[in-house]
Amino acid sequence: MTEHKVQHLEMIQGVINRMAGNSFALKGWAVTLVAGIFTLSSKDADKLYFLVAYIPILVFWGLDAYYLLQERLFRALYNKVRVLDEAKIDYNMDTSLDEFYTGKNSYWCCLISSTECGFYFPLAIVTAGIIIITHI
């Protein structure tokens, strides 16, 4: 592999790493905000106040799915550049091409992916359990 191809792949890998880091940070913030909402609320608080805990879950779920989509698109770009001829390396970082939006590379697929549902759905169920337990 030549130096230009390695440089281009390193640039793409840097973006992939940032997207994965953003996703990890969002998961941490989601748990922190939900726990904070429960900490600030009291047992005698209105039931509707507890429903506010679902707002960060839904917002962070949607934002996390966006970052997962971006990560997948850049992985597709990485795979394209990996097999590209040295003469065709142009340092293009455009992932809006239709060729990258195939299979699981759509927002909907990212929203319902196992990594997203496996984190946010249990968080929502735990939130519902806490609401039920504190209001019985």
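This is a predicted model: local features need pLDDT of at least 70, side-chain atom pairs count only at pLDDT 80 or more; totals for chains, interfaces and linings use all residues.
Q: Of the contacts with a separation of 6 or more, what percentage comes from residues 24 or more positions apart?
A: The contacts in question are those in the protein chain with a separation of 6 or more. Residues 24 or more positions apart account for a share of 78%.

Q: What percentage of the residues in the protein chain is buried?
A: Buried means under 20% relative accessible area. The accessible surface of the protein chain comes to about 8,200 Å², and 66% of that belongs to carbon and sulfur atoms. Of the 136 residues, the buried share is 35%.

Q: Which residues does phenylalanine 74 touch, not counting residues up to four places away in sequence?
A: Contact here means heavy atoms within 4.5 Å. With its sequence neighbours set aside, phenylalanine 74 touches Ile12, Val15, Ile16, Met93 and Thr95.

Q: Is the aromatic pair of tryptophan 61 and tyrosine 120 stacked or edge-to-face?
A: The structure holds 3 aromatic pairs. In this one, the rings lie 5.7 Å centre to centre, with 15° between the planes. Planes under 30 degrees apart count as stacked. The pair of tryptophan 61 and tyrosine 120 is therefore stacked.

Q: How many residues apart are tryptophan 61 and tyrosine 120?
A: Tryptophan 61 is in helix 3, and tyrosine 120 is in helix 5 (residues 114-134). The pair links distant parts of the chain. The separation is 59 residues.

Q: Is tyrosine 120 buried or exposed?
A: Buried means under 20% relative accessible area. Tryptophan 61 counts as buried at 15% relative accessibility. Tyrosine 120 has a relative accessible area of 0%, so tyrosine 120 is buried.

Q: Is the pair of tyrosine 66 and tyrosine 67 stacked or edge-to-face?
A: The ring centres are 5.7 Å apart and the planes are at 65°. Planes over 60 degrees apart count as edge-to-face. Tyrosine 66 itself is partly exposed, with a relative accessible area of 40%. The pair of tyrosine 66 and tyrosine 67 is therefore edge-to-face.

Q: Which residue lies over the face of phenylalanine 119?
A: Phe119 forms one aromatic cluster with Trp61 and Tyr120. A charge lies over its face, at 5.8 Å from the ring centre. The residue is lysine 27.

Q: Which residues is glycine 62 in contact with, leaving aside its neighbours within four places in sequence?
A: Glycine 62 is in helix 3 and counts as buried at 15% relative accessibility. Glycine 62 and lysine 27 are 11 Å apart, C-alpha to C-alpha. Beyond its sequence neighbours, glycine 62 is in contact with Tyr107 and Leu111.

Q: How far apart in space are tyrosine 49 and asparagine 79, C-alpha to C-alpha?
A: Tyrosine 49 is in helix 2 (residues 47-51) and touches Ile37, Leu40 and Ser41. Tyrosine 49 and asparagine 79 are 30 residues apart in sequence. In space, they are 47 Å apart.

Q: What is the phi of tyrosine 91?
A: Tyrosine 91 is in the loop between helix 3 and helix 4 (107-111). At 30% relative accessibility, tyrosine 91 counts as partly exposed. Although tyrosine 91 is not a glycine, its phi is positive, about 60°.

How values were computed:
Residues are numbered from 1 along each chain as its sequence is written. Side-chain values use heavy atoms; hydrogens and water are left out. Rings of Phe, Tyr and Trp (its six-membered ring) pair if their centres lie within 6.5 Å; planes under 30 degrees apart count as stacked, over 60 as edge-to-face and the rest as tilted. Helices (H or I, at least four residues) and strands (E, at least two) are DSSP runs, numbered from the N terminus. Buried means under 20% relative accessible area, exposed over 50%, partly exposed in between (1.4 Å probe, protein chains only). A charge sits over a ring if NZ of Lys or CZ of Arg is within 6 Å of the ring centre and within 35 degrees of the ring normal. Accessible areas come from the Shrake-Rupley method with a 1.4 Å probe; for residues, only the protein chains shown count as cover.
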